[in-house]
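Visitor: I have a new model open. Could you show me how to read it?
Guide: Gladly, let us look at it together.

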Amino acid sequence: MRFSRSRSLKLALVMTAAALAVAACGGSSSGSGSSAGSDTSITIGWAQTPDNVDPALTGAQTVESLDVNIFQTLIWATPSGALTPDLATSWSVSGDGKTYTFNLRKGVIFQDGTPFNAAAVVANFNFITAKTTQSVSAIASLGTCLSATATGTYTVQVHCASPYASLLANLATPVTSMQSAQAIKKYGSNIQFHLVGTGPFEFVKYVPNQSLVIKRWDKFNWAPAALHQNGPAKAAQLTFDFVPNNGSRISELESNQAQIIEQTPTVYYVRFQHSSTFKDLAVPIGGMGIFMPFDVNRFPTNDTAVRQAISYYVDRSAAIKTSLQGAFPALTTPLQQGILGYSADVPQYSFDPAKGDQALTADGWKKVGGVWTKGGRPLALVLNALSTDPEYPLIIQAVQSQLNSQGIKASIVTNPVTPWENLNASGGMSMTVLEFANSDPAQMLQWYVPGQYFQKWTKVNNPALSKLLNAGQTATSETARTADYLAAQKIIMTEAYEIPFHVNEDLLTYSSKISGIEYEGGGNDFFYQAH
Amino acid sequence: MTAPAAAAAPVLDVRNLHTSFRRGRGVIKIVRGVSFRVGRSASVGLVGESGSGKSLTALSVMGLIEKPGFIAEGQILLNGRDLVGMPAAELSKIQGRELAMVFQEPTAALNPLYHVGKQVAEAIRAHQDVSQADALDQARKLFELVGIADAGHVLRQYPHQLSGGMCQRVTIATALANEPGLLILDEPTTALDTTIQAQILDVVGELRTRLETAIVFVSHDISVVAEMCDELVVMYGGQVMESGRMDLVIGSPKHPYTQGLIGSALSVSGGSGRLESIPGEVPDPQGMPPGCPFAPRCSHAMPQCATAPPLAALPDGRTVACWLY
Amino acid sequence: MDEPLLAGGALPLEVAVVALPDDKPATRRSQLLRQKNFLAGVVLLCIVIIPVLLGPVVSSVGPDVQNPALSFLPPSLGHLMGTDQYGRSIWARVVYGGRYTIGASLAVVVLGGIAGTALGLVAGYLRGTVGFIIMRAVDLLLAFPGILLALGVTAILGPSLVNAVIAVAIVAVPLYARIVEGAAREVANLPYVRAAKALGSGPGHIIWRHILPGALPGIIVQTTVYLGIAALWIASLGFLGLGVQPPTPEWGQMVSDGQASLSIAWWAVVFPGAFLAAFVVGVSLIGDALRDRLNPTGAGT
Amino acid sequence: MVIYAGKRLAALIVLLIGIAILVFLMLQLIPGSPVTALLGQSATNPAAVAKLTNELGLNRPLPVQFWRWLEDAVRGNFGYSYNNQQPVSALLAQNLPSTVELAGAGLLISLVGGIALGVVGAVRRNTAADSVSMGIAMTLVALPSFWLGLVLILAFAVALPWFPVVGGTSLRGLVLPAFTLGLGVLGITGRFVRSSLLEAMHSPHVAAARAKGLGRRTVFVKHVARNAVLPVLTIVGLQVGSLLSGTVLVEVVFSRPGIGRLLVQSILSKDYATVQATVLIIAGFYAVTNLVVDLLYPLLDPRVGGT
């Protein structure tokens, strides 16, 4: 039920040269080394409709989960967040942080028989950066590093205009997949109907708005070492049916027309937990989770004590139970686990009405007729909910009733995308709720640094915070970045600029006859071993 | 009313015909006990105001009453065979062959989608086992018979390309296609303008003399009928008011209604089908008075008229339904 | 004569009766028949509208009250139409939701009716260039399939209930304008209207006293016919997310909400849709009856 | 006939230009600059804004802009969908066939069923069979198609798994969507067929045909049904519009590809170039269908076309 996932990602990408990084790669792989192929043909009910399945062009995150089965990237991110070899066997960074050198894996061929080499990498960089390509996500993930040159048959140099710390992590995301140079030349912007990669599945057919069909490629024998598996994929064929309609997706699964569906509605997800026919899998989606940012300019949320009190008054678990069947774990930190800089060691607000009362009283608020009041003005909030996903109005309703019971006059407005955004930016709301999916901690910048897109909603202007977030963006060492982002999160939580709400997960359900579904840190499902 | 009058066996013998309509749970009686005969080669005029039941009588004879209409009672003997209750398949062998009909609105009576020749041929082939080409050839001859000048050309015309008079000639040709013994003409000239009316009447008159077809001429216009027919049946309120030889009835009408009809025909020629000289209106079939239907408008009305007068036979062979006689 | 009718006969009742001096019986008969339809329509509408009007009287809980403990209860005496995922009463939501669907449809015919009638009157009374331009614009709008036009307008205005009402009302404008223009054109030519004009009656007076009453039957029929269509389209836009925004319980929006849990709780989808269908059937029955009564030249059913 | 066809064709061209003007103006009516509207999320990129402003010639007078837009549209260039990362023409090409397939199947169902209902109603008029068939017709018209689709899925794809929930391109997958689309239209066709047949039955030429002694079946086929085809043809032309725009809901419910669903997606994501093109294509298709009906008319009715 997260229709807004691709949207929030897109927003992010448009606004900045966003840093995408694959963090933890949780694995549920069966781990069996057997590479015996089966005749299994699996249909997957896919919730999001791709814009364009060409990885270089797409602006929709959902495409990454499709392409990861066809293509490979230079770098593979392991479950612990380490960047390990995939099509690049090793790499180094120059002292000024502006030049990266990659040594490429030998003996890899594309599905059209052409070899993978430095020329192919250069062709991909040129394709992504060409104006005619109109790349969205891929070009954003390259940041300032827009050119590549071959320095040998199997060595490539990437040049950045300025240091760009997120590059390596971004080269592990499927939008920077390596495509066949021959296919690029032959099909150009029409390549989405002729995808050619080096991955475990080869392209069969793509019908926009309907389905993508891929089949096992038997020559595949160069899986990233970190997977501890090699050889051809297990399933003979995968069909991704694009079914945005939740009910239809469920029906497809229940009638066995699909064996796997993604974005299972929570109500079914909870039911299937007790089922023997179906199994559930929660795939973590990197980013800031589902959270509620405040407008810190608007009365009364311009008052830190008020924001802190509200943070204490919100009972996440109860609200998640009411609105989402308790399908998601509560989130108490700005960054989710698995993102660089995540730490539980930041101030947290667990449900504690007494502390909330205390914060308000200390700040001069008094309860008059059951309503908190200060200087004759009641503590009244406008909660703005995005209506295009039914989940948001329901979360807001649950929170509203919790706040009302604590003496806060909270009212709700629901709006479709554009009016919702406009109201947020124009100071018409106290608080809203949304998800923000992204794999790099740099994303916080957009919310809390003046001049950034979403800062227009929060209106946070805290020089110390801005300084930390800017430093994290350009620092080259991972330890330095980790320290910067931890410090930034401490400020965010102390000032209570937002209420983290619940962990963002893609709820996957599959027939219990299927096994071997994997995913990588960005939330991309990977069906290499599925059968 | 079974007293034999004409010497030879009649072509058509309508006996006590009742035609009604079902409406909801009720029944509306429109034709209420009509009897008349048509002798071989005879011509009978059926006259009355609109609503008198004359057209419905004609349609009943033609076997064209459809649900919710039905023939409640009576017999229609055509050459001695009763058409009432005859199975549809058998009836359709008689329709168009032994009796045929010419309708009020010549243009509407032709299907706009087919050449007129085809429509005549259709009538021929319904009863004769001939090829389409032969049927069309016969149709051309029929067209010539009814005075269509450029018959070969008209065959391939659509109704909308022909004038009303021409269409009526076509429908007459259609009716004559199988040389029926009886031809019913239902207001054949009402929809046409006066000069064309005269032409059509000439055609019918001429045909009468050339073919030995008996004719029932239905009209609201007694002057037209007087010219065309030898015998007259005057209808009102679904019943026969008076009948008999044309010259006798015209010469000395007995029934006050007949008198009124003739009087109005003298004062207004042609007309709307409504009688200016008789005050009042034709009664609603649902509100038909008991007894003589004409009584409410009759200047001679008397208490006795509340019971229906029997159809009395006069010495000169006429019949009249009025207490005056 | 008793066998079922296959081919048309010479004198089906209607023709026979036309030949009669007074065709009252025909009208009376069709009135009688239509009366049944009319009554059925009224009964259906009452079944739908009375609970909607009563609202809180027939539903003890509000439409938005969530209660996780009552999630997905099937229909029972306690929960007439069952509950949804969040334990909200479907009965309460159907009853309150009707206010949005029906209210919006009424707003559509009022808005579209007034605008279309005004344009039609102006075009029919003034004729000339103004009338010509208005009527060509009307023709142009009629060249778009209705719901497509509504979608196009929604695309411009953005999704919301008010905008959906405006969009569907815009589709209605040319329909009204055409009917009213026809009637106005006819009436404007009648001798007594021309006489009134010659006597110096102002256009306002003539339009109000002479032309509008002549167009009224057409307007009334159009309104009943379009009311049902408007309800369907408002709900359709709600279903597509282009009308009412959740959690507002509009019927189309409710169906959209409920489809996610269709195989668990059919009642969350079936009841709002059934109420909508009943409303539309009721309105159509009444519309048919009115059309037959007010517009005897119409083709009937 | 040639004059008639020429006149109809000229009228169509005028109508198409009118439709194009309206669709073009749509973009002008959207609050804010058309460039921002077209670029959507990419509107923050000044280079893209400048490029598109130049491309659209927005500094020129409106009629010039319209003419350029029309020229492009006629050549099949409807602009670029930033939301789908593809030229709009490519999107249309991908989605149009399945919509035509669905609308065609829906038309077939509505015709077969509508004629059956209408014939029953007319032939058994004023009987119980008539009331039942017309009751069915009226109910079908009133059923919301999005709801009917869900109920059909529940019944015939989930409870009784006869048909797939998500059809794809298979014929079996077409059944439920086509019925959902066709049933609503079927009701209208049924009522119209009935009244056309009744009207044809009551024309005097039918009585005249029976008076010739033709059999009931012959009379029905040649003099009733044949004549009723004409008005029915007109309504079928009009219904192509309902069918095409009805695909909007059906394609969404059944997750089928098609321009209806494309339209909804584009409206929701404010992808105006695609909205414009889709509306233009559907309205244009509708206008052309009605031209075809107009041109068929003289072939079926000698009164039209003036030979």
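This is a predicted model: local features need pLDDT of at least 70, side-chain atom pairs count only at pLDDT 80 or more; totals for chains, interfaces and linings use all residues.

Guide: Residues are numbered from 1 along each chain as its sequence is written, and chains are lettered from A and ligands numbered from 1 in the order in which they are written.

Visitor: How many helices and strands does chain D have?
Guide: Helices (H or I, at least four residues) and strands (E, at least two) are DSSP runs, numbered from the N terminus. Chain D has 12 helices and two strands, in the order α-α-α-α-β-β-α-α-α-α-α-α-α-α.

Visitor: Is α10(C) largely enclosed or open?
Guide: A residue is buried if 20 or more other C-beta atoms, placed from the backbone, lie within 10 Å of its own. In α10(C), 23 of the 28 residues are buried, so the helix is largely enclosed by the rest of the structure.

Visitor: How many residues of chain C are in contact with chain D?
Guide: Contact means C-beta atoms, placed from the backbone, within 7 Å. Here 46 residues of chain C are in contact with 52 of chain D. On the chain C side, α10(C) gives the most, with eight residues.

Terms used. A residue is buried if 20 or more other C-beta atoms lie within 10 Å of its own, exposed if 12 or fewer, and partly exposed in between; C-beta atoms are placed from the backbone. Two residues are in contact if their C-beta atoms, placed from the backbone, lie within 7 Å.
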